[in-house]
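Here is a short tour of a protein model, written for a reader who likes to follow along in the viewer. Please open the structure and keep it at hand.

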Amino acid sequence: MENFQVKDIKLAPQGHLQIEWAAKHMPVLNIIKQRFEKEKPLKDQTLAACLHVTKETAVLIEVLIAGGAKVALCGSNPLSTQDDVAAALADSGVHVFAWRGQNTEDYYRCIEKVLEYSPTITMDDGADVVGMLHSKRQDLIKNIKGGSEETTTGVVRLKAMEQDGSLKYPIVAVNEALTKYLFDNRYGTGQSTIDGILRATSVLLAGKNFVVGGYGWCSRGIAMRAQGLGANVIVTEVQPTRALEAVMNGLRVMPMSEAAVIGDIFATATGDIHVLRKEHFEVMKDGAIMCNSGHFNVEINIPELESLSTSHRTMRSNMEEYTLKNGRHLYLLAEGRLVNLAAAEGHPSEVMDMSFANQALCAEYITKSDKLETKVYVVPQDIDEKIAELKLQTMGIKIDELTEEQKKYLSTWEMGTT
């Protein structure tokens, strides 16, 4: 059995520096690591992780190993792996199977490699490990205590599995923690998506019509940051309450069919397929730029874009120019995959500090739980609040505490208006 498979092990020295830099900005995980080193709460556990192989993920892996876990890691996106980080992890003895630019066959083979280690806990970003266990490796499920899921798209898939009765082991939906989605999804996705667009294109955002597909937490973050840079933000939505919220936040809301005509830059983050498709490509401006920050590369219908094109070429790193039959040019970033990870470095370490603290503590929670039902769980409130407390502590911020009188007032109905 192979111990690791990376692009170039000689990249390890630079990867170690990247991991060191990330760790300096992830103080909550550092506190957890110190406790894990003493208590070894993950002793005898084998963790199969399918995550974006970034410097922040490497810090998480080090924490899990400090807790006593054996870890096997593969990438959760063909373009998000940072090859120097993967090399550094391999150099440290981690069973890592990931490199940037994998084809589909490579991607799923790496998941199979990770599962060869017979995991007791799974850690997913998109539910692909869960999917393979349930479709091809059901023989391994009997050994699994539980799993965790990092992203909105994965949670949607897992809840669908729970609803139709196909889910065969418990999952903790890390994405549903307040200390995850309020910060990672909003501030992390917002900043890193803009970072990816700027690295791929170097265009000015001020004055541009910037169309955001969806208005969930990730899309809120993208819209907020684009607006902050002076873009004219347009939101498309299918849910009336989210559309109303976008309007109340000072944004324009309209159907994509209308936005497609006037948009300069399009960013999708819905978790659904074909948000941008043939009918939109046909009316887009010459020079329109498209990208995606949803988990899978299905939000932009690339086959339909190709069918409308006479040719395409790479203009810049992570930017493809499609020449349409009518002579117009459309630009697709990062092959329609996660632009914030493929064209930039993903979320800042400071925000992943909380997300991955949830992952580490949920792995401990799964290990210590005698018996969890086969369903999708929310992160326990005490874990969520503890992470927020630790984050504030590391930032040097203090907050108030309720007085005994205030606690009493909140716990009774008898102390009403006097």
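In which helix is the place of methionine 248? Methionine 248 sits in helix α10. The model shown here is predicted.

Helix α10 (residues 240–248) also matters for the surface: it supplies three residues, the largest share of a nonpolar patch. That patch is formed by Leu244, Val247, Met248 and Val253, which together have about 370 Å² of accessible area.

The axes of α1 and α4 come within 7 Å and cross at roughly 95°. An angle from 65 to 115 degrees counts as roughly perpendicular, and α1 and α4 are therefore roughly perpendicular to each other. The residues on each side of their contact are listed here.

| Helix | Residues in the contact |
|---|---|
| α1 (residues 12–24) | Ala12, Gln14, Gly15, His16, Gln18, Ile19 |
| α4 (residues 83–91) | Asp84, Val85, Ala87, Ala88, Asp91 |

Finally, the charged pairs. Side chains of opposite charge can pair when their charged atoms come close. The model has 23 salt bridges. One of them joins glutamate 364 to arginine 35, with 2.8 Å between the closest N and O atoms. Glutamate 364 belongs to helix α15 (residues 349–368) and arginine 35 to helix α2 (residues 27–39), so this pair ties together parts 329 residues apart in sequence.

Methods
Residues are numbered from 1 along each chain as its sequence is written. This is a predicted model: local features need pLDDT of at least 70, side-chain atom pairs count only at pLDDT 80 or more; totals for chains, interfaces and linings use all residues. Side-chain values use heavy atoms; hydrogens and water are left out. Axes are lines fitted to C-alpha atoms, for helices over the stretch in contact, and angles run from 0 to 180 degrees between N-to-C directions. Helices (H or I, at least four residues) and strands (E, at least two) are DSSP runs, numbered from the N terminus. Angles under 35 degrees count as roughly parallel, over 145 as roughly antiparallel, 65 to 115 as roughly perpendicular and the rest as oblique. Contact means heavy atoms within 4.5 Å. Patches are made of residues with over 30% relative accessible area and no salt bridge: like charges are joined within 9 Å, nonpolar side chains (Val, Leu, Ile, Met, Phe, Trp, Tyr) within 5 Å. Accessible areas come from the Shrake-Rupley method with a 1.4 Å probe; for residues, only the protein chains shown count as cover. A salt bridge is a side-chain nitrogen of Lys or Arg within 4 Å of a carboxyl oxygen of Asp or Glu.
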